[in-house]
Structure formats: C-alpha cells, structure tokens
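Hi,

Here is the structure I promised to pass on to you. Have a look at it first, then read my notes below.

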Amino acid sequence: MRHFILSIFTIASIASSTFAQNRIGTGEVDKLYQSICASCHGEELRGGLGGSLLDKDAWKQVGKTQSFMDYVKEGNLEMGMPSFEGALTDPQIRSLEIYIDEVIQKTAREDQPLIKEIDGVYSAGGYQFKVETILDGLNRPWSVVFFSEDSGFITEKGGNLRMFCGEELGDPVRGIPEVWAQGQGGLLEVALHPDYPKTPWVYLSYSASGGEVDGKAVGMTKVVRGRISNNQWSEEQVIFEAPLELHRVGGAHFGSRFAFKDGYLFFSIGDRGSMEMAQDLSKPNGKIHRVHEDGRVPTDNPFVNVADAYPTIWTYGNRNPQGLDIHPATGELWESEHGPRGGDEINVLEGGKNYGWPTITYGMHYNGKPITEKTSQPGMEQPKHYWTPSIAVCGIDFYEGDAFPEWKNQLLVGGLASQELHLLEIEEGRVIHDTIILHDVGRVRDVASAPNGYIYLVLDKLGKLVRLVPTDSFE
Ligand code: HEC
C-alpha cells in the first residue's frame with residue numbers, strides 16, 4: 001500500500017531553520033533595522049507606515065527594476081520611503097538585505113512546519129523512510145567512511161578512530177597521532193585509499209600542535225596516512241604538514257575534508273580565523289590543496305611556479321570548507337563551505353580559481369556587522385548555491401546507492417546549526433532544487449552514501465551514527 005503524506009516540502013532555492021548559529025534578531029544589524037527601518041516597516045517587518053517586508057513578491061521595484069541597494073539609497077520620496085544615501089554605508093545596506101532574508105525565512109518556517117514525523121516514518125523527496133540508530137554514545141563524531149556494506153571507520157573529535165561492523169563499535173585504534181583538540185580542532189576526516197583494501201592506506205586529517213609562539217599555543221591542519229591491522233596504526237607517512245611558522249593560534253576553521261580523483265588527493269584547510277589570509281597565496285589556510293596520494297606536490301599545480309605561493313594550493317578564497325566530493329558522472333569537485341552569517345556556499349572547484357572570501361560573500365559577521373556589500377567581482381567565482389540564513393553547511397556526499405534510486409547522483413548535504421539533511425538536485429552543473437529531507441535530527445556533521453545503499457548521518461552532539469532506510473516510495 002502506498003501512503004501519500006503531504007509533508008514533503010521542496011524549496012526551490014534556499015532554506016534553513018535553526019538560529020543557534022545565525023542568531024537572527026541579534027547584533028548590530030538588528031539594532032540598525034530597529035532604529036531606522038522599524039518605525040515604518042514594523043518591529044517584525046510586518047509593515048506599518050511602509051509595507052510589510054516579508055513578502056518580496058509584493059515589492060514593486062526591488063528585484064524587478066532596481067536592486068535593494070539602489071532602492072534604499074534613492075528611496076521613493078513620493079511614496080514616503082526615505083533616501084538613505086549618505087546615512088548608511090553600502091555594507092550596512094547589504095547587511096540589512098541579508099537580515100530581511102533571514103527574517104522572511106524564519107517567519108515562513110514558523111508559519112509552516114516542514115516535515116512531520118509520523119510513527120517514526122518520515123517522507124520527503126518522493127520516499128518514505130525510517131531513521132535507525134546504528135551507533136550511540138560516540139563522543140563528538142566527525143567523519144565516517146565505509147569499507148564494506150555496513151562496516152567502516154568513524155572519527156571522534158577528541159582523538160579516537162574506531163572501526164565499526166554493523167552496530168558493533170570497536171575500541172579506539174591504537175597508535176594514531178596525537179591531536180591538538182582545540183575549539184573546532186581535533187581528529188577530523190578519515191578516508192580510505194580508492195583501492196582499499198588492495199592498497200590499504202587509511203588517511204586522517206587533524207589539528208596538530210605547533211607548540212607555542214610568544215607564549216601562545218598554535219596549531220594547524222595536518223594530513224597523514226597509515227595502515228591498520230589488529231586495531232593498531234602503523235607505517236605512518238606525513239602527507240601534508242605546514243611549517244611551524246605558519247601554525248596559527250585559536251581553534252577556528254581547520255577545514256577539513258578529503259576527495260580522491262585520478263591519483264590525486266584534494267583536501268581543505270579553513271582560514272583559521274584569519275580571513276584575509278584566504279586571499280594570500282603564500283599561506284596554506286583558506287585553501288583547497290591538491291597532492292599526489294603519497295603527498296608529493298604535482299608539478300602542474302596552478303601556483304607551483306608563482307614566487308612565494310604555497311605549491312599545494314588548488315583553489316583559494318575558501319573560508320571553512322567542511323565538505324568535498326567528486327560528482328560521480330562529471331568528475332567535478334564539489335565543495336561545501338561554512339560562510340559567515342548568511343553566506344554558506346556550495347561551489348564547484350576548478351584549479352587556480354579564487355572563490356572570493358572575504359572580498360565577496362553573501363553573508364555578514366555573526367554579530368550582524370557588515371563585512372562587505374560585494375557579492376560578486378570579476379575574477380572571483382560565484383557559488384552554485386548559497387544559504388541565507390546559514391544552515392552551517394557541513395559534510396556532503398553524492399548519493400550513489402540503489403535504495404533511493406530517484407536520488408542517484410544528487411548531492412546530500414548536512415547542516416549543523418539547522419540540524420538538517422538537504423538534497424540538492426543538480427542539472428548540468430546547476431543546483432535546480434534544494435529539498436529538506438530531514439530536520440531537527442541533531443547537528444549533521446557528516447553524511448555518507450554507504451555501499452548498502454542507505455544514507456548514514458554522523459550526528460555530532462548527539463553522538464550517534466544513524467541511517468535512512470526506505471520503507472516505501474511514491475510518484
Ligand atoms: C518613513 C517611513 C519609512 C522608513 C523609515 C523606511 N521605509 Fe521602506 N518604505 C516606506 C514606504 C512608504 C514604502 C512603500 C513605497 C511604495 O509604495 O512604493 C517602503 C518600501 C520599502 C521597500 C519595498 C520596495 C519595493 O520595491 O516596493 C523596501 C525593501 C524598503 N522599504 C526597505 C526599507 C529599509 C531597509 C529601511 C531602513 C533602512 C526602510 N525601508 C525605512 C517607508 C519607510
């Protein structure tokens with residue numbers, strides 16, 4: 001029997017929910033709105049002397065004949081909308097635009113709950129499925145990888161790597177490197193050589209301590225590979241390590257994910273909280289890197305011949321990328337990147353290109369202070385998709401299994417703050433649909449399409465590995 005449950009909700013462009021990270025209604029931008037716009041448009045944007053700002057379709061000029069920026073600068077004096085030219089900077093006007101988007105979506109969310117759980121069965125994207133807990137009691141799990149139908153390795157941020165077989169969780173693998181568990185750092189990504197187990201390398205990324213500089217502890221993303229037998233790590237080789245002088249203070253933005261293609265390993269390093277370094281080719285942070293599988297630098301990397309440039313750099317201007325995967329049909333390298341408030345991105349990465357952070361962004365600072373009014377600039381790439389408000393976009397994976405055939409080659413995307421799983425439908429390199437498959441499931445750190453066809457989610461704070469198993473499908 002087929003059930004038709006009207007709780008599927010496909011959002012054509014953009015969606016999000018939680019406000020833990022976005023802090024909607026807080027910060028400088030909120031004060032700015034309340035002090036100069038609310039008197040006419042209402043504290044909740046529902047209108048007053050001026051119209052409601054919640055319904056963009058009802059706007060007469062903005063988005064049709066004029067940009068938000070130009071409209072707010074010029075005003076419409078005849079109709080009673082003042083001109084803000086000179087009173088507001090361009091970045092401030094841009095942050096107001098982001099703020100209005102945030103509130104529009106938050107209000108839409110409150111007015112229409114997305115997906116209802118019905119007897120533990122969810123429905124979205126054309127399927128009904130249940131969510132099964134496979135592993136529980138994990139400590140801040142970060143990344144999962146499979147070596148057989150339902151078995152693989154999982155990392156815990158505090159520094160443990162564990163093997164699991166079905167629902168059985170092994171003890172921590174002995175002898176893996178010690179991690180610098182600071183802030184967002186710790187043991188991060190795990191991946192297997194594409195020919196595993198024939199070529200039995202296991203790759204790990206983690207934040208490594210660089211000791212102290214001027215009395216302050218510093219660290220940086222590091223990549224190693226090793227072999228595991230009898231639950232023991234051995235034959236370790238360093239794949240990437242930044243020199244000590246390039247280690248940074250603070251626990252922010254380490255990246256890091258892996259993707260393998262044609263004998264290369266791609267990996268990401270976040271900007272480490274120093275945003276301007278994302279544009280600096282002499283620094284490894286805020287970049288995607290490409291090396292051979294054994295760590296050698298490819299001689300045809302885009303910046304190998306540029307003086308002072310870090311030779312492993314593949315792309316730059318990347319804020320904090322925590323998702324990487326190769327499109328199974330086209331071979332393109334897709335990336336997810338934590339933006340600031342309102343600027344989470346999905347990109348397709350091409351060697352040598354600049355992805356803009358922090359010169360261009362769709363977001364603003366978490367406290368609502370503007371970063372820039374610029375969302376585009378010649379010579380900088382546009383995202384394929386972005387979220388305002390941010391979902392705190394994390395692990396991504398192209399679905400390659402058979403259990404949800406309609407989802408084949410679509411991109412699964414996890415959200416931390418939003419606690420959501422999204423499915424992006426991609427056609428000819430463009431994101432044409434963004435469907436929320438699950439929400440309120442806990443912070444989704446990683447997502448994996450497993451060899452058994454089920455979709456596994458790594459739930460960070462809940463400490464779980466869960467999976468989606470279809471129970472029915474409908475047209
Ligand atoms: C003195 C009252 C007043 C203030 C203050 C005010 N507005 Fe308006 N606003 C209006 C009125 C009236 C309209 C409707 C104009 C019309 O009908 O064309 C409007 C329309 C708009 C629109 C819709 C444009 C469209 O295409 O129809 C936007 C967007 C907007 N305002 C943004 C803002 C922002 C942002 C602020 C604060 C920086 C602000 N307004 C402050 C009175 C105000």
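This is a predicted model: local features need pLDDT of at least 70, side-chain atom pairs count only at pLDDT 80 or more; totals for chains, interfaces and linings use all residues.

Proline 389 sits in the loop between strand S20 (385–387) and strand S21 (393–398).

You'll find serine 256 in the loop that runs from strand S12 (248–249) to strand S13 (258–261).

While you're going through loops, check two residues with a positive phi. Aspartate 214 has a phi near 50°, which is positive although the residue isn't a glycine. Its loop is the one between strand S9 (202–213) and strand S10 (216–229).

Look for it in the loop between strand S22 (411–415) and strand S23 (420–427). At 24% relative accessibility, glutamine 419 counts as partly exposed.

Now for the metal. Which protein atoms are donors of the ligand's iron atom? They are NE2 of His41 and SD of Met81, at 2.0 to 2.2 Å from the iron. These two come from distant parts of the chain, 40 residues apart: histidine 41 belongs to helix H2 (residues 38–41), while methionine 81 is in the loop between helix H3 (68–74) and helix H4 (90–111). The iron has six donor atoms, with angles of 87 to 178° among them, and the site is octahedral. For comparison, the ideal angles for six octahedral donors are 90 or 180 degrees.

How about cover for those two residues? Buried means under 20% relative accessible area. Histidine 41 has 13%, so it is buried. Methionine 81, at 14%, therefore counts as buried too.

S2 pairs with strand S3 (residues 127–135) in the antiparallel sense, over four bridges. Across from valine 121 you'll see lysine 130 in S3. Two residues lie between the strands of this hairpin, and glycine 125 in the turn has a positive phi of about 60°.

Finally, zoom out to the whole protein chain. It has four helices and 27 strands. Its radius of gyration is 23 Å, close to the 23 Å that the globule rule gives for 475 residues, so the chain is as compact as a globular protein of that length. The C-alpha trace spans about 75 × 65 × 40 Å along its principal axes.

Of the 475 residues, 57% are buried. Looking at contacts with a separation of 6 or more, 59% are between residues 24 or more positions apart. The accessible surface comes to about 19700 Å², and carbon and sulfur atoms hold 47% of that.

Cheers

Methods
Residues are numbered from 1 along each chain as its sequence is written. Side-chain values use heavy atoms; hydrogens and water are left out. Two strands pair if DSSP finds at least two bridges between them. Donors are N, O and S atoms within 2.8 Å of the metal (3.2 Å for Na, K and Ca); water is not among the atoms, so sites may look incomplete. Four donors count as tetrahedral if all angles lie between 85 and 135 degrees; four count as square planar and six as octahedral if opposite donors are over 155 degrees apart and all others between 65 and 115; anything else is irregular. Buried means under 20% relative accessible area, exposed over 50%, partly exposed in between (1.4 Å probe, protein chains only). The radius of gyration is taken over C-alpha atoms; the globule rule is 2.2 Å times the number of residues to the power 0.38. Contact means heavy atoms within 4.5 Å. Accessible areas come from the Shrake-Rupley method with a 1.4 Å probe; for residues, only the protein chains shown count as cover.
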